[in-house]
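User: I'm new to this one. Can you walk me through it?
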Amino acid sequence: MIQHLVKVIADTMGSRSLLAQKTFRVHDVISPFHWTSVQENPSRMTVQIGEKQHIELLPHALECANHSCEPNAFFDTERRQLICIKPITHGEEITFFYPSAEWDMGAPFDCHCGSAHCVGRVAGAKHLSAMQRTQYQFTEFIQQKITKSPL
């Protein structure tokens with residue numbers, strides 16, 4: 001079913017992206033998801049659902065959703081759905097804000113997107129400023145961490 005909604009592409013360097021195969025409106029479910037195991041530590045492919053609970057998403061195609069400081073999708077871990085948060089057109093890349101789903105990332109990196117909202121170092125919600133935290137939607141677990149760990 002997901003193959004009719006999204007497509008994974010790879011560039012010449014081997015980087016993969018997730019592209020929409022249809023148009024999505026705000027609040028549309030792009031894909032349901034689940035997982036088969038929970039890991040104690042974060043990795044480049046995980047989404048955090050609790051303290052020392054990091055999941056790899058199934059279907060595997062969802063792991064190709066790349067980071068954006070201006071995301072168009074959100075992983076709702078409570079409903080287990082990838083949700084459209086900005087209109088997405090057919091052929092457009094589906095992206096999400098990595099810190100929305102990881103408190104302290106296992107593989108931080110520097111973002112060079114050039115967006116006015118670029119956070120610079122992408123290392124997890126723990127490392128965002130108070131202002132940056134007001135600009136994004138976070139999973140229930142990450143929102144709880146933010147509430148308990150004000151800057």
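Analyst: We can go through the aromatic rings, a sheet, a helix and one serine.

User: What should I know before we start?

Analyst: This is a predicted model, where local features need pLDDT of at least 70, side-chain atom pairs count only at pLDDT 80 or more, and totals for chains, interfaces and linings use all residues. Residues are numbered from 1 along each chain as its sequence is written, and side-chain values use heavy atoms, with hydrogens and water left out.

User: OK, rings. How many aromatic pairs does the structure hold?

Analyst: There are 6 aromatic pairs. Rings of Phe, Tyr and Trp (its six-membered ring) pair if their centres lie within 6.5 Å; planes under 30 degrees apart count as stacked, over 60 as edge-to-face and the rest as tilted. One of the pairs is Phe 33 with Phe 75, which is edge-to-face at 5.5 Å centre to centre, with 75° between the planes.

User: Where do Phe 33 and Phe 75 sit in the chain?

Analyst: Phe 33 is in the loop between β3 (29–32) and β4 (38–39), and Phe 75 is in strand β8 (residues 73–76). They are 42 residues apart, and the pair links distant parts of the chain. Strands are DSSP runs of E, at least two residues, and helices are runs of H or I, at least four residues, both numbered from the N terminus.

User: Is Phe 33 buried or exposed?

Analyst: Phe 33 is buried, at a relative accessible area of 3%. Phe 75 is buried too, at 1%. Buried means under 20% relative accessible area, exposed over 50%, and partly exposed in between (1.4 Å probe, protein chains only).

User: Why is the pair of Tyr 98 and Phe 109 called edge-to-face?

Analyst: Their ring centres are 5.8 Å apart and their planes are at 80°, so the pair is edge-to-face. Tyr 98 is in the loop between β10 (95–96) and β11 (109–110), and Phe 109 is in strand β11, so the pair ties together parts that are 11 residues apart in sequence. Tyr 98 is buried at 18% relative accessibility, whereas Phe 109 is partly exposed at 27%.

User: Which residues do ring pairs link into a cluster?

Analyst: Phe 33, Trp 35, Phe 75, Phe 96, Tyr 98 and Phe 109. Arg 80 lies over the face of Trp 35, at 4.1 Å from the ring centre. A charge sits over a ring if NZ of Lys or CZ of Arg is within 6 Å of the ring centre and within 35 degrees of the ring normal.

User: Switching to sheets. What is the strand order in the open sheet of 3 strands?

Analyst: The order is β4-β6-β5, with antiparallel pairing. Two strands pair if DSSP finds at least two bridges between them. β4 and β5 are at the edges with a single partner strand each, so one side of each has no neighbour in the sheet.

User: How many bridges join β5 to β6?

Analyst: 4 bridges join β5 to strand β6 (residues 53–56). Val 47 has Ile 55 in β6 as its bridge partner.

User: And the helix: which residues of α2 are buried?

Analyst: In helix α2 (residues 140–148), they are Phe 141, Ile 142, Lys 145 and Ile 146. These cover an arc of only 140° around the axis, taken from the directions to the C-beta atoms, which puts them on the same side of α2. Thr 147 and Lys 148 are exposed on the other side.

User: Last one, the serine. Which side chains make polar contacts with Ser 17?

Analyst: The side chain of Asn 66, at 3.2 Å, and the side chain of Glu 93, at 3.4 Å. A polar contact is a pair of N or O atoms within 3.5 Å; within protein, one must be able to donate a hydrogen and the other to accept it, and residues adjacent in sequence count only if both atoms are side-chain atoms. Ser 17 is in strand β2 (residues 16–20) and is buried, with a relative accessible area of 15%.
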